[in-house]
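Here is a quick tour of one model, taken a few spots at a time. Have the sequence and the 3D view open as you read.

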Amino acid sequence: MALPRVLQQVPFPVIGAPLFIISNPKLVIAQCTAGIVGSMPALNARPASQLDEWLAEITEGLAAWNKAHPDRPAAPFAINQIVHKTNDRLEHDMQMCAKYKVPIVITSLGARTDINDAVHSWGGIVMHDVINNTFAKKAVEKGADGLILVAAGAGGHAGVKSPFALVAEVREWFKGPIALSGAIATGDAVLAAQALGADFAYIGSPFIATEEARASEAYKQCIVDSTSDDIVYSSLFTGVHGNYLKPSIRNAGLDPDHLPESDPSKMNFGGEGAKKAWKDIWGCGQGIGAVKAVQPAAELVARLKREYAAARRRALEAEPALA
């Protein structure tokens, strides 16, 4: 099945994951002009009225880039909507997405037919993130155009499924666009995601350690200094299991190796409590061993492209031996 037209406009097969608190127009524009889908959560704009300003900044910035670089147009951008009962801004934020005809909407923590229909009404597409095959089927039944498979090792609210199992199970029945998330931080891993059957790699944590990201310098440096050994999987902070940096948990006065479980009924994704949790407890995926320095987003994408091209060459050279 061919990709939707908007996804055919992505020069390099990567979607920058929306990073709660951290993503902003500057990072989104840098990602898109580097040739990948840039994204941010609508909830990052605070107060809600700021979302209008930010969407104007993104659309105007990308239009200016395209006018100045007709031979290298920017990739489309995406806005993430938290479709959960604790998000009391959803209706307002969807109205803003409609105003700017956001080309890609990424939905999380709930699939709703009315949200999908609204995005389709202005010509956009919906990519819904899921952690297992059951949720994937529900999302498509409710009208999602594509799926983001959040496998083990992803930053933030991550699943526990191996990407090998998850992509294979979903590809048995779904022929639409798939992005794969889970410890992807190199060009080799981008190619591997495609080899498994995904169309795109979904990359978040490495972009925290970029100059454009709205993260503290301590957070960025912690990613540079850490490896997968420094990641802990816990439900304590939002009620849903996710991956976090151990040093930030220690700095909050907690023992990362002996964290209690949280009550799922107290889940909170849209309020100030959630914002404080993500500000103080740093979400991060297992792929950060590949992050060696804080750098501009364009340089990170350039590294991914070089590694991807080298991995493809190695695969082609190995092909005769595999025949």
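## Salt bridges

The count of salt bridges comes to eight, taking a salt bridge as a side-chain nitrogen of Lys or Arg within 4 Å of a carboxyl oxygen of Asp or Glu. This is a predicted model, so local features need pLDDT of at least 70 and side-chain atom pairs count only at pLDDT 80 or more, while totals for chains, interfaces and linings use all residues. Residues are numbered from 1 along each chain as its sequence is written, and side-chain values use heavy atoms, with hydrogens and water left out.

One of the salt bridges joins D52 and K99, at 3.0 Å from N to O. This pair ties together distant parts of the chain: D52 sits in helix α3 (residues 50-68) and K99 in helix α4 (residues 90-99), 47 residues apart. Helices here are DSSP runs (H or I, at least four residues), strands likewise (E, at least two), and they are numbered from the N terminus. D52 is partly exposed, at 22% relative accessible area; on this scale buried means under 20%, exposed over 50%, and partly exposed in between (1.4 Å probe, protein chains only).

## Two more pairs

D114 and R112 form another salt bridge, with their closest N and O atoms 2.7 Å apart. D114 is partly exposed at 42% relative accessibility, and R112 is partly exposed too, with 37%.

Then there's E217 with K220, whose side chains meet in a salt bridge at 3.8 Å, N to O. They are three residues apart in helix α10 (residues 217-225), so about one helical turn separates them.

## How α2 sits on α3

Two packed helices are described by the angle between their axes and the distance between the axes. For helix α2 (residues 25-33) and α3, the angle is about 30° and the axes are 10 Å apart. The axes are lines fitted to C-alpha atoms, for helices over the stretch in contact, and angles run from 0 to 180 degrees between N-to-C directions. That makes α2 roughly parallel to α3 (under 35 degrees is roughly parallel, over 145 roughly antiparallel, 65 to 115 roughly perpendicular, and the rest oblique).

On the α2 side, the contact is made by P25, V28, I29, C32 and T33. On the α3 side, W54, E57, I58, G61, L62 and W65 take part. Contact means heavy atoms within 4.5 Å.

## The buried face of α8

Helix α8 (residues 187-196) has G187, A189, V190 and A193 as its buried residues. Viewed down the axis of α8, they fall within an arc of 160°, so they line one face of the helix; the arc is that of the directions from the helix axis to the C-beta atoms. After α8 comes G197, with a positive phi near 125°.

## Two loop residues

G155 is in the loop between β6 (146-150) and α7 (163-171), and at 33% relative accessibility it counts as partly exposed. Leaving out residues up to four places away in sequence, G155 touches S205, N243, C284 and G285.

Setting aside neighbours within four places in sequence, N87 is in contact with L43 and I82.
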